[in-house]
Amino acid sequence: MLTALLAHQGGWDEVLIPLALIAGLFIWTARRGHDGGKHAAPTRSPVCAYCRAPLDPTAKRCANCGFRAR
Amino acid sequence: MFVWFWVGVPFLSVVFGNVWATMSPWDTLARLFAIGDEPAREYPKSWGMWPALVPLAAFLLLELVLPNGSEPRVLAVALVAYTVVTLAGMARYGRATWNRVGEGFAVYFGLLARIAPLGRDAEGRVVLRPPLAGLPEVEPCPGLVAFVMTLIGSTSYDGFSGSSAWVSLTRDLSGAALTIARGAGLLAGVLVASGAYTLSMSAASAVGNVHWHVLAVRFAHTLVPIAFAYAAAHYVSLLLLEGQAGISLLSDPFGAGWNLFGTATREVNFRLLSSNAIWYAQVVFIVAGHVGGVTLAHDRAIGEFPPARALRTQYAFLGVMVLFTVGGLFILSAR
């Protein structure tokens, strides 16, 4: 069914090579992130993580951008 | 007129800035009748840009999914309904606010206008700026990522729906089954694009120790050049070839035999662009759009992360850009 599409291009390798590249990068960056043990416990920031506006510590959402306070 | 509107206005926007702010019939109507000068209610910030996604999705359904979506009667009903909803939104939450978060076309063209080398400064004066320089100023808000991913995913599906693979898959379908297949294809296009972006942001999150959703929102503006590149690559031939039909239609808009501007008998010149020229233009759009996206992402990463981590957060994003570039060209070449 896909013969025409594949024949038109070189084959699935043209998609698989970038996919493999991305998978490798994901694994590498994820391992580097975890191996470093740098994952700090999430803390309530005084500024909105999304828009950097000052955040009321009791607010559930940022008054400036509307996102949930992280 | 569909070609001039959906394809022509984006091109004008990325060259001349926010032309839709002047052209919008809904904004003009609201100004004419002083609708939304004083909003009845304050807009809930938590809604963000989600209301703008509704007309965008409806428009995409008409364009890409529903079999009778381009019939004048259907379009007229949709236009009247959208006019009523838009004016109601402007009356309730204010004209400027609704143009920013609810009027889907204003939101789309407004995002594209930030690519333009022409913009306005804080005092409203027209200024020259580097291309793309307006995009980092996009304010983060709920729905922004979904809106941009819908643009990218829908254009990808539109391109893929012309490929021999899709034609083979849907050859035996008709009626409701074909409509459902088209709807599923559209949804799949949006989900695949969103999934790839989410994965790249998750990888950056692991390196940068920032929640992936925060990154997804703060890097969302980097996808706008890609959204335009996809639209430009897919529709450039449509604009330059079928767009010519609009010139003759201007003289006879109702098919009543008029010749208002003497152009009613003008025929479409299909030799204006060769297939080679179209292909090279498509490659240039796709590659330039992704280079623009990577440039903006690098710029944002330097501001978000310490120098030692900034580069590493971008590897996965760069990989996704390569995939999007190859995928975009793959879809275009398969048509």
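B:Asn209 counts as partly exposed because its relative accessibility is 28%, where buried means under 20% relative accessible area, exposed over 50% and partly exposed in between (1.4 Å probe, protein chains only). The model is predicted: local features need pLDDT of at least 70, side-chain atom pairs count only at pLDDT 80 or more, and totals for chains, interfaces and linings use all residues. Residues are numbered from 1 along each chain as its sequence is written, chains are lettered from A and ligands numbered from 1 in the order in which they are written, and side-chain values use heavy atoms, with hydrogens and water left out.

**Positive phi angles**

- Most residues other than glycine have a negative phi.
- B:Asn209 is not a glycine, yet has a positive phi of about 60°.
- The location of B:Asn209 is the loop between H10 and helix H11 (212-218) of chain B; helices (H or I, at least four residues) and strands (E, at least two) are DSSP runs, numbered from the N terminus.
- A:Arg52, also not a glycine, has a positive phi of about 70°.
- A:Arg52 sits in the segment after H2 of chain A and, at 40% relative accessibility, counts as partly exposed.
- B:Ala34, which follows H3(B), has a positive phi near 55°.

**Helix H3 of chain B**

- B:Trp26, B:Asp27 and B:Ala30 are the buried residues in helix H3 (residues 25-32) of chain B.
- These residues lie on the same side of H3(B) because they cover an arc of only 100° around the axis, the arc being that of the directions from the helix axis to the C-beta atoms.
- B:Arg31 and B:Leu32 are exposed on the other side of H3(B).
- Packing partners of the buried residues of H3(B) are helix H2 (20-23), helix H5 (72-93), helix H6 (95-101) and helix H7 (104-113) of chain B; contact means heavy atoms within 4.5 Å.

**Helix pair H1 and H12 of chain B**

- Two packed helices are described by the angle between their axes and the distance between the axes.
- For helix H1 (residues 2-16) and helix H12 (residues 224-241) of chain B, the axes come within 10 Å and cross at roughly 125°. Axes are lines fitted to C-alpha atoms, for helices over the stretch in contact, and angles run from 0 to 180 degrees between N-to-C directions.
- That angle makes H1(B) oblique to H12(B); angles under 35 degrees count as roughly parallel, over 145 as roughly antiparallel, 65 to 115 as roughly perpendicular and the rest as oblique.
- The crossing of H1(B) and H12(B) is left-handed, a term used if the near helix is turned anticlockwise from the far one by less than a right angle, with right-handed used if clockwise.
- On the H1(B) side the contact involves B:Val3, B:Trp6, B:Val7, B:Gly8, B:Pro10, B:Phe11 and B:Val14, and on the H12(B) side B:Phe228, B:Ala232, B:Tyr235, B:Val236, B:Leu238 and B:Leu239.
- By class, the contact of H1(B) with H12(B) has 12 nonpolar, 1 polar and no charged residues. Ala, Val, Leu, Ile, Met, Phe, Trp, Tyr, Cys and Pro count as nonpolar, Asp, Glu, Lys and Arg as charged, and the others, Gly among them, as polar.

**Residues of chain B with contacts to chain A**

- B:Lys45 belongs to the loop between H3 and helix H4 (50-65) of chain B, and its 39% relative accessibility makes it partly exposed.
- Apart from neighbours within four places in sequence, B:Lys45 is in contact with A:Ala63, A:Asn64, A:Cys65, A:Gly66 and B:Pro142.
- B:Ser200 is part of helix H10 (residues 175-208) of chain B and is buried, at 0% relative accessibility.
- With residues up to four places away in sequence not counted, B:Ser200 touches A:Phe26, B:Ala316, B:Phe317 and B:Val320.

**Strand S2 of chain B**

- B:Val127 is in strand S2 (residues 126-128) of chain B and counts as partly exposed at 29% relative accessibility.
- Residues touched by B:Val127, not counting those up to four places away in sequence, are B:Pro117, B:Leu118, B:Gly119, B:Arg120 and B:Asp121.
- B:Val127 and B:Pro117 are 10 residues apart in sequence and 8.3 Å apart in space, C-alpha to C-alpha.

**Chain A**

- Chain A has 2 helices and 0 strands.
- Of the 70 residues in chain A, 31% are buried.
- A:Arg68, in the segment after helix H2 (13-35) of chain A, is exposed at 57% relative accessibility.
- Leaving aside neighbours within four places in sequence, A:Arg68 is in contact with A:Tyr50, A:Lys60 and A:Arg61.
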